[in-house]
Amino acid sequence: MRTAFTCNTPVQLNTLDPLTVHKYETALPNPLDAASVYKPASVAMVGGVRTENYTVGMYQTTQDILGSVDLMSPAGAKIGTTHYQTSIYGYGTSQATASFPGKTFVIPQNANVNVHWVNNLGTAANYLLNPYMDHSAMMNTPDMMAMPLNDGVPTVPHLHGGHTEAASDGQPDQWFTQALPEKAGGRAVIDRGADAVKANDTYLYDSSVNSSAKSLWYHDHALGYTRTNVYAGLAGMYFTRDKLDTGTSANTLGLPSGKYEVPLMIADRMFTPEGQLYYPYQVDPTGCVRMLPESFGNVMTVNGKAWPVMHVEQRAYRFRMVNASDSRFLNLWLAKDTDPGLTPAATLTQVGTDQGLLFKPVPQQKMLFAPGERADVVVDFSKLPAGTKLILRNDAATPYAGGDPVDPATTGQVMEFVIDAPLVKSYPNPALKANILPSAIGPLVATAGQAPLQVGLFESDIVETYTVPDTSPGAAPGATTTATYTAIVPQLGTLKTGPLSYHSAVTETIKLNNTAVWEIYNTTADAHPVHLHLVAFQVLSRQAFTTTVDAATGATTYAKTGPVRLPQGNELGMKDIVVCYPGEVTRIIAKFDRAGKYMWHCHILSHEENDMMRPFTVTSTVTPKTVAAAVVAPAAVAAPAVTSSSTMTMPMSGSGGMTTTAQSRSGPTPTSSTVQQGTAAARARALATNADLFRSLARRIGQATKSRTVNGTAAAM
Ligand SMILES: [Cu+2]
């Protein structure tokens, strides 16, 4: 049930014009440079196993993300350039060296790794993105989510893709703060339950995590704070090596190595005119900050730099890519800067995916790349003339795949490669092998008797009705009126129950060591990158389905229909994220060989947080659970809360359109609240651009405006 929540009122209306940010001037940092790779604090042989110990902190620091930015006069003339130090949260071993992305783990095969995670982020009062937080997310009451209150900034690091014991998995409820590390009696321990307590916040990534070479990444996963903590910079890469993928020129796979192996963490961001992080939001009728169903930035960053440039030699490079954006799918290709037709000018040869190398390399002119996914890509610049400039371009719509087109001048570009570095002939430049791995990846086979888990992706609309002061012309003093707020809530669930919230009882229980098929029915209008913790899975197929609602009983049945589509070439490896397209059932298969409670969720961070995340359990004794149908609706709230006029005060100036003081208060309780399945009207509202939202907000300052038009659709305010 959604009840009163801490309400933030808007503090920031303007955003930096992305066209004032200079492109292709800032050099791309390489997170695999020695100075950017963590060194273990100690290494010991324990029980015959190499054991590496690390201590990694979370710090608030600053970073020049934007590079040179034009200063503009009010009339729009360029009057100079400047650099900004953007406040971020970063992982690192000291405040001076913390960065976004955080330093890189490079872990040898079959090592045990202990990481002592230390939250140095201080108290909630200093929370970097607090002004943008919607504390009603996750359909929670404040005491159910990682509210900072007086406890500090909640964090919990998660090793994405790790075959990790549950207690070290960094799940949403395992959050801790600086004041309350994982210690007995602490708030964090109470919230997460006794099944997942680690002494001193030291997480174990054991040798089963590092059994072969992979491209993992680590990022924050705190309940209700994942999207903003990652946005603030809490993300980094975690590579594991093995006997084949050694990371040295001695590897026999023909993979570029040394300085020719370069991670690319791609993430969109948005900034204030002062060069600080801005997180997009919307505003409800009472003036409270509320999260958008998706969040898109207008500045592309790679390795923590806006639109960087890399000078490359005429040889092959290996790019270890991760899409660390909140919601943005990428559809990437390389085009010459001089080509107005933007024809692909170099091949993206994918040699690996989320959980390791592919058997066969997959040459692609364009590569779809969903949030959270990793792509291991070789690009051969040797065939292109010296001096060629290639721009890594993107044309994935937002939201994907049926949303708005990208702006070719901003988010349609990611970074630039300039082929002008002198060729180092002494370093090996081997050709890729026809087969990357020595043998094909064997297909997983479901355990006899293990029925497929039939789950669904859903979208509901929450419609909240508020009683607010009537400030329309001629309204009597003290008169009230009603205003509604509609929000899309993406959710997971099962075919039997329909949508369920994060806090509903576990419905997916798998017997330990069983190999199980998951059938994921996407009933929504968008593609969702679905991620399972713990496992490496294989993509089996995709197929359209039809939905039938029984008029008499209201029961919904789903029927697969049409041809079965087999996975794409670059999905023929071990994955931990799969793109589920609208109207299709996507089938995956995995072995669940570690007992415990884990998460599965959409990796669009704004979806995951509200409310597209569910637990699953792996147990040695499976106890079937009966779950009541569709526990999604915050039932009608009886409290007749009339919002007082004081809580409607907008802290914004008329001229500059912004103030700088964060304000928060107890949010109003809606007089009624209902949930309905997704409607086109709600989708249209949700896709409103920030400009639309702020125009509508500005209109409501000092005058009552009870309706607005967004994307051509009249929408109640
Ligand atoms: Cu999603």
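A residue counts as buried if 20 or more other C-beta atoms lie within 10 Å of its own, exposed if 12 or fewer, and partly exposed in between, with C-beta atoms placed from the backbone. Keep that in mind for the second stop.

Before you click around: this is a predicted model, where local features need pLDDT of at least 70, side-chain atom pairs count only at pLDDT 80 or more, and totals for chains, interfaces and linings use all residues. Residues are numbered from 1 along each chain as its sequence is written.

**Stop one.** The open, mixed sheet runs E7-E12-E11-E9.

**Stop two.** Jump to Val-406, in the loop between E27 (389–394) and E28 (413–419). Is Val-406 buried or exposed? Val-406 is buried, because 23 other C-beta atoms lie within 10 Å. Asp-395 is 11 residues away in sequence, yet 5.9 Å away in space, C-alpha to C-alpha.

**Stop three.** Select 508–511 and 577–580, strands E32 and E37, which stand at the edges of their sheet. That open sheet has five strands in the order E32-E40-E39-E34-E37, with mixed pairing. Finally, show 613–619, strand E40, which runs parallel to E32 and is joined to E32 by four bridges. Thr-509 stands opposite Thr-617 in E40.

Conventions:
Two strands pair if DSSP finds at least two bridges between them. Helices (H or I, at least four residues) and strands (E, at least two) are DSSP runs, numbered from the N terminus.
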